[in-house]
Amino acid sequence: AMQAGKQDQTVAEVGSKDLVLAFQSEPLYEAVVRMLHRDVGRLPVVNPDNVHTIVGYLGRSQVISARLKKLAEDGIIPPEVAERRLRKGKKTGQEL
């Protein structure tokens, strides 16, 4: 969209009208499957009673962070490994 001569396009012209949403009360697994099937990296999170109210967004970083925390809680990886990876991602501002 930012190619020469296309800087004047609007968000409406290049954005998607076929939105993929996550609901704040749904299981993380379902939202992640939806992300994978639709090949998107982030989902707006909405209130199920009013889908026009965005309450946040779910991105890859949050999914990976949640998984690391769960692996540490379940004793699959040492807690210090999860903490180190989580700190590294926050420190650099990169997705893990």
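Start at L19: at 60% relative accessibility, this residue counts as exposed. The model is predicted, so keep that in mind at each stop.

**Stop 1: L19 and its loop**

L19 sits in the loop between helix 1 and strand 1. L19 and P44 are 25 residues apart in sequence. In space, their C-alpha atoms are 8.8 Å apart.

**Stop 2: D18 and R38**

Step back to D18. With 51% relative accessibility, D18 counts as exposed; the cut-off for exposed is over 50%. D18 and R38 form a salt bridge, with 2.6 Å between the closest N and O atoms. D18 belongs to the loop between helix 1 (11-14) and strand 1, while R38 belongs to helix 2, so the pair ties together parts that are 20 residues apart in sequence. R38 is partly exposed, at a relative accessible area of 39%.

**Stop 3**

Switch to a cartoon view. Three strands make an open sheet in the order 1-2-3, and the pairing is mixed. Strand 1 and strand 3 (50-59) are at the edges with a single partner strand each, so one side of each has no neighbour in the sheet. Next, select strand 1 and strand 2 (residues 42-47). They run parallel and are joined by two bridges. Pick F23 and look across to strand 2: the bridge partner of F23 is V46.

**Stop 4: E26**

Stay on F23 and display its backbone nitrogen. What lies 2.7 Å from this nitrogen? The neighbour is a polar atom of the side chain of E26.

Centre on E26. This residue is in the loop between strand 1 (22-23) and helix 2 (28-38). Is E26 buried or exposed? E26 counts as buried, because its relative accessibility is 16% and the cut-off for buried is under 20%.

Now show what surrounds E26. Leaving aside neighbours within four places in sequence, E26 is in contact with L21, A31 and R34. Look at R34 in particular. The side chains of E26 and R34 are joined by a polar contact of 2.8 Å. The pair also forms a salt bridge, the closest N and O atoms being 2.8 Å apart. Side chains of opposite charge can pair when their charged atoms come close. R34 counts as partly exposed, at 24% relative accessibility, whereas E26 is buried.

**Stop 5: helix 3**

Select residues 60-73. This is helix 3, with 14 residues. From first C-alpha to last, helix 3 reaches 20 Å, close to the 20 Å expected at 1.5 Å a residue. Colour V63, S65, L68, L71 and A72: these residues of helix 3 are buried. An α-helix has 3.6 residues a turn, so residues three or four places apart point the same way.

**Stop 6**

Select K70 and D74. They form a salt bridge, with the closest N and O atoms 3.2 Å apart. K70 counts as partly exposed at 39% relative accessibility, and D74 counts as partly exposed at 45%.

Finish on G75, which follows helix 3.

**Before you close the viewer**

How many salt bridges does a search of the whole structure find? The search finds three. To revisit them, select D18 with R38, E26 with R34, and K70 with D74.

How values were computed
Residues numbered from 1 in each chain as written. Predicted model: local features only at pLDDT ≥ 70, side-chain atom pairs only at ≥ 80, totals over all residues. Heavy atoms only, no water. Helix = DSSP H or I, 4+ residues; strand = E, 2+ residues; numbered from the N terminus. Buried < 20%, exposed > 50% of the residue type's maximum accessible area, 1.4 Å probe, protein only. Polar contact = N/O pair within 3.5 Å; in protein donor to acceptor, adjacent residues only side chain to side chain. Contact = heavy atoms within 4.5 Å. Expected span 1.5 Å × (residues − 1). Pairing = 2+ DSSP bridges. Salt bridge = Lys/Arg side-chain N within 4 Å of Asp/Glu carboxyl O.
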